[in-house]
Amino acid sequence: MQAETIKIKAIVTRAVPYRESDMIVTLVGVEEGRLTATARGCLKPKAKLRYAAEPLNFGEYVLSGKNGKYVVTECNQIESFSAVTADLDRYYAAFMALEALDKLSREPQPRIFMRTLTCLGDLAYATDKDSSAIVTEFLKDILTESGNALDFGHCGVCRCDLEEEAYFSDRDGVVCKHCKSFDSIPIPPDVRSYICGRPADVQTAAKANILLSNLVYQMTGVRIGAHYFTEQL
Ligand SMILES: [Zn+2]
């Protein structure tokens, strides 16, 4: 079978050393979803494709291969997002976002891909925004783009305006105390109003992000950033 050459816009979500100087990179393509490729010789000093095997690198990759076994032959970098390394919180948040994209991209997810780029761009350059607020936006975006948008302002059953405590149930989404069922997850009032866009302290934001990552797990089956979220508390 003839080797094929494909050109894809992709981001590196993981990279592990292989043999003496190669790396196996996991790429998520905008239109292709997740695939793996070998970046040959990139651990050698002065290797010209070193950056193409760095997690967070976003670029136009040229891959050649067959039967899903690819080798990176070229990469034109579009963005490195390397500014996130200046702050440890932002760095960890960026890796949480990469992990989410990786795990959700068994099938191509162009919209989640774009939301991930926005999140990484904000973490790298929007220094006026708090990293936990950027993560909150990202988690809400994931819920929306995976077809699980939640309304935190109104009860999913009786449609009343939510004011005090609220609850999450698999079946009905976010509901009021009158409509909750025995196994609903409680959502504290400060967490709920923060998710609706009102200001909150860092602790509340951290709790909200744990809750949202839990809801992502409940609704998509994908567990993300377990370590990242508990570290924030
Ligand atoms: Zn209700």
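Which residues does Ala149 touch, not counting residues up to four places away in sequence?

Analyst: Happy to. Leaving out residues up to four places away in sequence, Ala149 touches Leu143 and Thr144, where contact means heavy atoms within 4.5 Å.

Before going on, a word on the basis: this is a predicted model, in which local features need pLDDT of at least 70 and side-chain atom pairs count only at pLDDT 80 or more, while totals for chains, interfaces and linings use all residues. Residues are numbered from 1 along each chain as its sequence is written, and side-chain values use heavy atoms, with hydrogens and water left out.

Ala149 lies in the loop between H3 and strand S6 (166-169); helices (H or I, at least four residues) and strands (E, at least two) are DSSP runs, numbered from the N terminus. Its relative accessibility is 53%, so Ala149 counts as exposed; the cut-offs are under 20% relative accessible area for buried, over 50% for exposed and partly exposed in between, with a 1.4 Å probe and protein chains only. The C-alpha atom of Ala149 is 9.1 Å from that of Gly173, although 24 residues separate the two along the chain.

Helix H3 (residues 131-145) packs against helix H5 (residues 202-220) at about 20 degrees, and their axes are 10 Å apart. Axes here are lines fitted to C-alpha atoms, for helices over the stretch in contact, with angles from 0 to 180 degrees between N-to-C directions. The angle therefore makes H3 roughly parallel to H5; that label covers angles under 35 degrees, with over 145 being roughly antiparallel, 65 to 115 roughly perpendicular and the rest oblique. On the H3 side, the residues that meet H5 include Val135, Leu139 and Leu143, and those of H5 include Leu212, Leu215 and Met219. The residues of this contact divide into nine nonpolar, four polar and one charged. In that scheme Ala, Val, Leu, Ile, Met, Phe, Trp, Tyr, Cys and Pro are nonpolar, Asp, Glu, Lys and Arg are charged, and the others, Gly among them, are polar.

S6 and S7 run antiparallel and are joined by three bridges, and Gly173 in S7 is the bridge partner of Ser169.

Strand S1 (residues 4-18) runs antiparallel to strand S4 (residues 58-66), with eight bridges, and Lys9 stands opposite Glu60 in S4. S1 also pairs with S2 in the antiparallel sense, over eight bridges, and in their hairpin Arg19 takes a positive phi near 50 degrees. Strand S2 (residues 22-29) then continues through a hairpin of three residues to S3, and seven bridges join this antiparallel pair. S3 also has a parallel partner in strand S5 (residues 69-79), over two bridges. Five of the seven residues of strand S3 (residues 33-39) are buried, so S3 is largely enclosed by the rest of the structure.

Definitions and conventions. Two strands pair if DSSP finds at least two bridges between them.
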